[in-house]
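Keep the viewer open as you read.

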Amino acid sequence: MKITDIAYVAGLFDGEGYVDIYQATQSKASKSPSLMLRVIISQKDGAVMIWLEEKFGGYVRMDRRKDSWIYRWDIRSQQAKKFLELILPFLKVKDEQVKLAIEFEEVKGKYLDTLKGSQGFRQLSKNEIGKRMEIKNRLKNIKKTYTFYHKTIHISTPTTTKRKDVL
């Protein structure tokens, strides 16, 4: 892949992207909470989202928004980690978020490697669940503050504004 493509995607992610560690719905068979890394980029241009799917994997879905469509590219777990590692050197805004996301997937991977390929669901230790939740919470908190070229910007609670459509 060309370096210009990687830089382009990093800029796209910095502006339109989202990284999250979310807790999936726990099934009856699961003995531990399921936390998963996910990256989403959304925009109205479906062609760019399809290009991301072709280049990096994941999937694209369309969501209806009033009179238009939003395309969402979604990539998870190890695929998401590989994507984030690739774009990290080019990020300007979300680099700290990405570092935490990569750390989460590495911590998770090291623990899974110790299971030595056992089948089925295994209950995570309280310590392992605690490590994963701690990184999830750190990511949540860092999203409230952006540091850009050594200037810190604190994100406040969003306000709602009622607009009057001008005809």
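Pro 33 counts as partly exposed, because its relative accessibility is 21%; the scale here calls a residue buried under 20% relative accessible area, exposed over 50% and partly exposed in between, with a 1.4 Å probe and protein chains only. You'll find Pro 33 in the loop between β1 and β2. Pro 33 and Leu 124 sit 91 residues apart in sequence, yet their C-alpha atoms are 8.4 Å apart in space.

Some ground rules before going further. This is a predicted model, in which local features need pLDDT of at least 70 and side-chain atom pairs count only at pLDDT 80 or more, while totals for chains, interfaces and linings use all residues. Residues are numbered from 1 along each chain as its sequence is written, and side-chain values use heavy atoms, leaving out hydrogens and water.

Now zoom out. The protein has five helices and six strands, and along the sequence they follow the pattern α-β-β-α-β-β-α-α-α-β-β. Helices (H or I, at least four residues) and strands (E, at least two) are DSSP runs, numbered from the N terminus. Of the 167 residues, 35% are buried. The accessible surface comes to about 11,200 Å², and 53% of it belongs to carbon and sulfur atoms; these areas come from the Shrake-Rupley method with a 1.4 Å probe, and for residues only the protein chains shown count as cover. Among contacts (heavy atoms within 4.5 Å) with a separation of 6 or more, 60% link residues 24 or more positions apart.

Next, the sheet. Four strands form an open sheet in the order β1-β2-β4-β3, with antiparallel pairing; two strands pair if DSSP finds at least two bridges between them. β1 and β3 (59–65) are the edge strands, each with a single partner, so one side of each has no neighbour in the sheet. From one strand to the next, the twist averages 35°. Eight bridges join the antiparallel strands β1 and β2, and Asp 20 has Arg 38 in β2 as its bridge partner. Another seven bridges join β3 to β4, again antiparallel, with Arg 61 standing opposite Arg 72 in β4.

The turn between those last two strands deserves a look. The hairpin of β3 and β4 has two residues between the strands, and Lys 66 there takes a positive phi near 50°. Most residues other than glycine have a negative phi. Lys 66 is exposed, with a relative accessible area of 78%. Ser 77 also isn't a glycine, and its phi is positive too, near 50°; Ser 77, though, belongs to helix α3.

What do the helices do with the sheet? α1 lies across β1 and β2, running at about 100° to β2. α2 packs on the sheet as well, touching β2, β3 and β4, and its direction makes about 15° with that of β4. For these angles, axes are lines fitted to C-alpha atoms, for helices over the stretch in contact, and values run from 0 to 180 degrees between N-to-C directions.

Which residues of α2 are buried? They are Gly 46, Val 48, Met 49, Leu 52 and Phe 56. Seen down the axis of α2, these fall within an arc of 160° (taken from the directions from the helix axis to the C-beta atoms), so they line one face of the helix. Ala 47 and Glu 54, on the other side of α2, are exposed. The cover over the buried residues of α2 includes α1, β2, β3, β4 and α3.

α3 tells a similar story. Its buried residues are Ser 77, Ala 80, Lys 81, Phe 83, Leu 84 and Ile 87. They cover an arc of only 165° around the axis, which puts them on the same side of α3. An α-helix has 3.6 residues a turn, so residues three or four places apart point the same way.

Finally, the core. A nonpolar core is a set of buried Ala, Val, Leu, Ile, Met, Phe, Trp, Tyr and Cys residues joined through side-chain atoms within 4.5 Å. The largest one has 29 residues, and those with the most contacts inside it are Phe 13, Val 39, Trp 73, Phe 83, Leu 84 and Ile 87. Elements giving two or more residues to this core include α1 (3–16), β2 (34–43), α3 (77–87) and α5 (126–142). Take Val 39: leaving aside residues up to four places away in sequence, its contacts include Phe 13, Trp 73, Phe 83 and Leu 84.
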